Amino acid sequence: MSLKTLEIAPNRLLMDSNFDGYKLSLKPIKQSRKSLQVPVEKTCVNPSQYSIVHVKLLSLHNHLCVDQFDGFSSVYFVDKQLTIQKVYVDAGTNELVDPVAVYTMSKPRERLSGDYGVTLRFASADYCVASDGIGTFYILATKDKRDDDQFDTLFSGHVLSNESQGFVVSDASFNDAKQELHVLLLHVQEHGTDGFISIIHWITFKKTQKDWHQVALRQLKTKGEVQYLQLESDCDHLYVVSENLVVFALNSEHPIEETPLASSGKLYHWSQDTDEITVKIPLPETAQKNLLKVSCGGSELNVEYNSLRVLSGTFQGSVDSALTTWSLKGDLLEIQLAKADKEYWTQLLAGYDEGEQDLSPSYVDEVHNRLQGFTSKQEETPQRGTTFNSQPIEECDFETDKAETFQRISGVTNKPTHQVHLGSHHVLLSPFLDSQSVPALGIRHDVDVCLWQPTWNGQDFTCQHQGTLLAFGYVQASKTNRKFLTCSQNLDYAVVSESAGHIFIYRQNRPLLTTELRQRSTGRRVKRVAEQQVINLSNESILGIFAGDSHLFVLGEDFVTAFSMNVNNDAL
């Protein structure tokens with residue numbers, strides 16, 4: 001199946017070009033708060049985890065997890081004793097219940113600075129998975145949630161070859177037809193000159209009559225940050241958003257086929273001028289920079305891809321190895337060599353005829369100018385026009401943002417089937433819009449944030465515009481201390497949470513039923529109004545947040561609070 005590139009365009013019916021902005025509301029928000037007897041187990045980075053990838057994965061970790069299979073009514077967190085606590089609002093009393101302990105993980109050692117956060121994900125109505133952040137993985141049976149039953153252990157142990165490697169659980173899904181549980185684990189690793197890379201472990205467990213067994217392991221890698229990572233409902237594909245392409249490094253079920261480096265024609269092409277030589281080598285379509293190794297001495301060149309030799313030999317002349325540069329442009333490796341002898345070369349590599357020389361226009365012009373001295377008549381053409389002055393050009397004049405790409409990747413072919421180019425905008429938030437779909441992608445469009453829902457209907461893949469948070473892209477950009485961004489499933493309100501102290505709520509347009517409001521400048525009657533409300537938590541740290549349709553749950557180090565999001569605020 002060939003790679004399909006989808007174009008996404010906002011649905012104008014879901015936009016509002018006449019949006020008047022948010023009006024500050026001082027109306028109090030009812031809340032119910034519970035103090036925690038045991039503080040929350042929070043994560044802290046250590047000095048060696050200085051990259052932005054570590055900061056986003058560890059410091060911005062949301063410690064609240066929602067059970068999407070329970071009507072988004074219950075949230076969970078883990079305390080310092082590694083006990084999973086359940087919290088919800090009682091339907092009878094409209095008050096937040098005391099946290100209910102449903103499971104306690106073992107504690108092999110004391111947690112240290114730099115350990116990954118404890119994560120919990122619900123794979124179905126009957127199963128959830130958890131990680132202690134220091135190498136141990138759990139599969140748990142959730143039993144009857146209405147009675148707050150204790151979770152049962154179905155599997156616990158190490159699932160990676162490096163047993164001390166920590167990770168977070170990004171997603172989990174149970175395929176009832178195959179009786180398989182698929183999980184996505186994510187961690188960061190330093191990789192030589194490429195800096196820090198994200199490693200995704202796609203692990204499959206099989207349910208038998210007695211227990212669970214790990215039956216498959218896939219591993220994918222990408223340079224830099226992974227902004228979005230989810231499993232498709234069929235568990236044969238995954239969705240990922242990253243700055244760089246994500247490629248398979250291992251697949252125990254469907255081995256990775258090596259793509260020929262050059263299918264036909266010459267192995268490489270090269271061109272030259274008086275000072276430089278350019279070498280172009282075709283590579284596989286999914287070539288990754290971290291798999292390339294280019295070494296250049298004063299007289300030798302060696303190129304390897306994925307530990308396979310691509311090109312090796314001795315230069316016809318000599319080059320200045322200190323000035324050698326190379327770059328990967330799509331599936332083409334381009335190497336720039338600086339000549340040391342400034343002479344014309346007849347071959348790139350002595351005694352090697354697998355390459356083809358392309359005569360560059362600049363070199364042809366240079367030869368032509370040299371031959372003009374031997375002709376009987378030489379024309380002198382005066383310089384015309386204005387010489388371009390590059391002095392005013394500054395670094396800010398060039399586009400430096402990297403483009404984000406959404407990929408749908410097959411676990412059978414090990415290749416992407418669909419991709420969506422998102423431009424330079426990051427995924428700002430990824431909320432659930434319903435319990436049957438993967439989280440949506442919240443991406444800025446002008447001043448708004450559009451919510452896109454990836455969907456596979458069994459025959460075709462789409463990414464549809466499901467809703468818009470008006471002016472939220474502009475609003476969130478103004479909050480320099482923002483930590484969490486989210487919204488409710490019905491899109492009635494969006495939230496910006498700082499790391500401590502303040503939570504900003506942006507209620508979307510609602511009809512005015514009891515009062516009349518007109519624009520001061522035009523006199524036009526305003527039939528709908530959007531409101532901003534501010535919650536002050538007195539500089540208390542905010543470790544987790546979840547926005548439900550009726551309640552906003554906020555987790556601190558020693559407290560959990562539910563704020564009523566009902567329009568009339570008559571009840572919690």
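Among contacts in the protein chain (heavy atoms within 4.5 Å) between residues at least 6 apart in sequence, 56% join residues at least 24 apart. This is a predicted model, in which local features need pLDDT of at least 70, side-chain atom pairs count only at pLDDT 80 or more, and totals for chains, interfaces and linings use all residues. Residues are numbered from 1 along each chain as its sequence is written, and side-chain values use heavy atoms, with hydrogens and water left out.

Let's start with the whole chain. It holds 3 helices and 40 strands; these are DSSP runs numbered from the N terminus, with helices (H or I) of at least four residues and strands (E) of at least two. Of its 572 residues, 48% are buried, where buried means under 20% relative accessible area, exposed means over 50%, and partly exposed lies in between (1.4 Å probe, protein chains only). The accessible surface comes to about 28900 Å², and carbon and sulfur atoms account for 47% of that. Such areas come from the Shrake-Rupley method with a 1.4 Å probe, and for residues only the protein chains shown count as cover.

Now have a look at I134, in the loop between β9 (127–131) and β10 (136–141). Although it sits in a loop, I134 has a relative accessible area of 8%, so it counts as buried. Leaving aside residues up to four places away in sequence, I134 touches P108, R109, R111, D115, E163, S164, Q165 and G166. V118 is 16 residues from I134 in sequence, and their C-alpha atoms are 8.5 Å apart.

Next, the surface. L24, L26 and V534 form a nonpolar patch there, with about 340 Å² of accessible area together. V534 belongs to strand β38 (residues 528–547), and its relative accessible area of 40% makes V534 partly exposed.

Finally, follow an open sheet of 4 strands, in the order β29-β30-β31-β32, with antiparallel pairing. Its edge strands, β29 (427–429) and β32 (461–469), each pair on one side only; two strands pair if DSSP finds at least two bridges between them. Within the sheet, β30 (residues 441–445) and β31 (residues 448–456) run antiparallel and are joined by 5 bridges.

Notes. Patch = residues over 30% accessible without salt bridge, like charges linked within 9 Å, V, L, I, M, F, W, Y side chains within 5 Å. Salt bridge = Lys/Arg side-chain N within 4 Å of Asp/Glu carboxyl O.
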